[in-house]
Amino acid sequence: MPSAVNSSPVIRLEEVSKRYGRTLALDAVSLEVGEQQIFALLGPNGAGKTTMMHILSTLLRPDSGKAFVAGIDVMRQPLQARRRLGIVFQEPSLDDRLSVHENLDLHGLIFGVPRTLRRQRIEELLALVELTDWADKTVRTLSSGMKRRLEIARALIHNSEILLLDEPTVGLDAQTRDRIWHYIRRLQAERAITVLVTTHYIEEVENCDQVCVIDNGKVLADGAPKALKRQFGQQLLRIVPKTELDHSEIVKRYAERLNQVDKTEIILASDDTFSESFLAENGARIKALSIEVPSLESVFLTLTGRDIRDAAADQREQTKTFGKIGGEHTK
Amino acid sequence: MKGSGIERSVLMVQLGGLYGLWLREVKRAFRDRGQLIGGISRPILWVVILGIGLNPYFRGEVFGKVNFVVPFTYLQFIFPAVIALNILFTSVQSAVSVIWDREFGFLREVLVSPLSRGTILLGKVLGGATVAVMHGSLVLLLAKFADVNLTWIKVLEALGLMSMLAFALTSLGVVIANHIRSFQGFGIFSNAVILPLYFTSSSVFPLDPALSQAQTRVVYPEWLVTMVEWNPLTYAIDALRGALIGFNQFDPRLGILIMGISGIVLFALALFEFRRA
């Protein structure tokens, strides 16, 4: 039996830690995802996002801490947890020698969906991701965007309540990424599911209900995109005073907010209420004024730093390359 | 409807999943043209070229007396061994897909399903074994060329033995694949394991059954005799030969016993490693 079902958080992590050799992939991470939210896990490569996904999807056991999905402890009752999860991994896990329909049907069989329901859901979901015309094509012939859509459809064949998407848009062009997000939002609205999605594309996060920024295995910030901007992104007021007198007056008066100053321009640290009161009080002194709203990108960069992380190709990548060029009867 | 919809019993889910995974292996094999070509060309080479070519030399002079070593033509003699060869290659080749599934994706899709590890592995092995038996059966189509008279009973008996052999060898393939990190290692492995195993299984030459143990060791080098005697495949091929052409060097029950035991042991080992991984 599921233990202690609490109606609100659908996904919950309590002090989860995971270490690979000497690197601490997750460092006592706690997290809650509410029902029917689109929750984004944002972080640079190697931040620990995939590790978290693997723990939630029961593939990996954390060293310490607890993880729950739909109130089920993923370590104690992995089979029950898996029935409720729909998972799309970062790397495609389709059988590319089978057709689109066969892949979906196999998933249904594996998850114990009876034949008639299977047929009905396959039809429904193919229509949803607009792949109905491709049902009998071999997966090999699909573009990477189509494969991703197929994987999203597949994750829902067993009527999962929670969708885990690990970098669903990585390596796709802008149009395709946009389309994938269109499906995700539509799914959440039509099927009332909870979506946990990882990404390192900052602009995608704006569409989500909640964002959690992680790096080096630690949660750096957690909240609605707007709240994060307010908290970590500094709003700026760019002012062009009318005269030199106005210039020096403003500099003198708002010394503590001064961000940058030159002969013609003054930049002040600001927020919504300050902007209004500033305008009301100093309207007569200024020639031009603009408010610079912080982007999530600036928040993200503030939190994670600007280093680019490169990693050498690991064994898996090497093997994959070997496979791609047709080595040793692969595929 | 929320949740998992209509709940099926646990056993039904496992059986349904087993069927799904088995079907996947079989479908994949039929779509792999390279594997099919190998499955067809290999027996033709062995039976038609090697078999017909060596046929006249298949007799020996033992202690001053010229006679056929076994009362069969060479073609008849290697025919059951070629079946085993086809099964051997195909079984081991299904191990390649184990590596592929593990490294890139598909295995993960299965691992996050409600199927137990045992079901997943059994589906894989049964699927691989089925394909191997099919490839073995291709050789049966060449029976006419080899002067082997087939009856339904012979065929059924052979299919039973072939299934046991295929199950054991596919499990062996999985065990080896568990220890190989890349495809590059696989070529080395197939040369280092498949061919030596095949050549020392009294497949292409018999150890003269007319000789006693002591005489055998005089005629053949000691190490070769030992290798043949220790090779489990020797007994499997012997049992198959018994079923198809009625020639046995050993007790045919020994072959069944050895195949049965190694099938169970190898599968258990594969499962043990798979659970731990």
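## Basis

This is a predicted model: local features need pLDDT of at least 70, side-chain atom pairs count only at pLDDT 80 or more, and totals for chains, interfaces and linings use all residues. Residues are numbered from 1 along each chain as its sequence is written, while chains are lettered from A and ligands numbered from 1 in the order in which they are written.

## The six-stranded sheet

Chain A holds an open sheet of six strands, in the order β6-β7-β8-β3-β9-β10, with mixed pairing. Strands (E, at least two residues) and helices (H or I, at least four) are DSSP runs, numbered from the N terminus. Two strands pair if DSSP finds at least two bridges between them.

Strands β7 (residues 162-166) and β8 (residues 194-199) of chain A run parallel, joined by five bridges. There, L165(A) has V197(A) in β8(A) as its bridge partner.

## The hairpin

Strands β1 (residues 9-20) and β2 (residues 23-34) of chain A pair in the antiparallel sense over eight bridges. K18(A) stands opposite L26(A) in β2(A). Two residues lie between the strands of this hairpin, and G21(A) takes a positive phi near 55°.

## Two domains

Chain A is assigned domain 1 (9-223) and domain 2 (231-304). These bounds come from an automatic or database domain assignment. The C-alpha centres of the two domains lie 42 Å apart. The contact (C-beta atoms, placed from the backbone, within 7 Å) takes 11 residues from domain 1 and seven residues from domain 2. On the domain 1 side, β10(A) gives the most, with three residues.

Technical notes: Contact = placed C-beta atoms within 7 Å.
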